[in-house]
Amino acid sequence: MGLSTFLSGTATQLRGLAWLALSDTCQVGSGTFADDGGGGGTLTYSYSADTPCRLDPLGTKEGAVTGGRINERSTHSLTLPLGTDVSVESRVTVDGRGTFEVTAVAETTEATLRFAEVTQIF
């Protein structure tokens with residue numbers, strides 16, 4: 001029996017290790033626009049239940065390309081469990097860290113986690 005590490009583990013073990021890295025808690029919000037009948041309206045957000053996540057600051061980047069377009073607004077990277085419903089229309093509140101708008105979501109097929117870029121607004 002050789003030395004066993006997380007690198008030689010099964011996919012289930014790797015998913016478990018990834019899950020342990022989610023040290024923050026957040027709520028993902030989806031917006032609903034209510035027309036005021038006068039050409040404007042109000043955007044309100046309804047938030048999901050607590051979701052484990054990890055929020056990391058991004059280093060400085062100049063002219064970064066995300067999703068085929070330049071995106072210099074992203075200030076943080078957000079890691080979420082696979083299957084979390086998040087899109088560029090979402091707003092995320094991370095407990096004790098603030099509220100963020102989602103600027104990009106990475107779509108991968110073999111991932112065990114979801115990755116998004118966000119910018120802090122509150």
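Buried means under 20% relative accessible area, exposed means over 50%, and partly exposed lies in between (1.4 Å probe, protein chains only). The views below show a predicted model, in which local features need pLDDT of at least 70, side-chain atom pairs count only at pLDDT 80 or more, and totals for chains, interfaces and linings use all residues. Residues are numbered from 1 along each chain as its sequence is written, and side-chain values use heavy atoms, leaving out hydrogens and water.

**View A. The aromatic pair, Tyr-45 with Tyr-47.** Searching the whole structure turns up 1 aromatic pair (Phe, Tyr or Trp rings, the six-membered one for Trp, with centres within 6.5 Å; planes under 30 degrees apart are stacked, over 60 edge-to-face, the rest tilted). The rings of Tyr-45 and Tyr-47 are tilted, with 6.4 Å centre to centre and 35° between the planes. Tyr-45 is partly exposed at 22% relative accessibility, and Tyr-47 is partly exposed at 37%.

**View B. Strand E3 with its partners E1 and E6.** Strands here are DSSP runs of E, at least two residues, numbered from the N terminus; two of them pair if DSSP finds at least two bridges between them. E1 (residues 24-35) runs antiparallel to E3 (residues 51-57), with 3 bridges; Thr-25 has Pro-52 as its bridge partner in E3.

View C. The whole structure holds 3 salt bridges (a side-chain nitrogen of Lys or Arg within 4 Å of a carboxyl oxygen of Asp or Glu). Asp-24 is buried at 15%, while Arg-97 is partly exposed at 34%.

**View D. Surroundings of Arg-114.** Arg-114 sits in strand E9 (residues 113-120) and counts as buried, at 13% relative accessibility. A polar atom of the Arg-114 side chain lies 2.7 Å from the backbone oxygen of Thr-84. Beyond four places in sequence, Arg-114 touches (heavy atoms within 4.5 Å) residues including Leu-78, Asp-85, Val-105 and Glu-107.

Terms used
Helices (H or I, at least four residues) and strands (E, at least two) are DSSP runs, numbered from the N terminus. A polar contact is a pair of N or O atoms within 3.5 Å; within protein, one must be able to donate a hydrogen and the other to accept it, and residues adjacent in sequence count only if both atoms are side-chain atoms.
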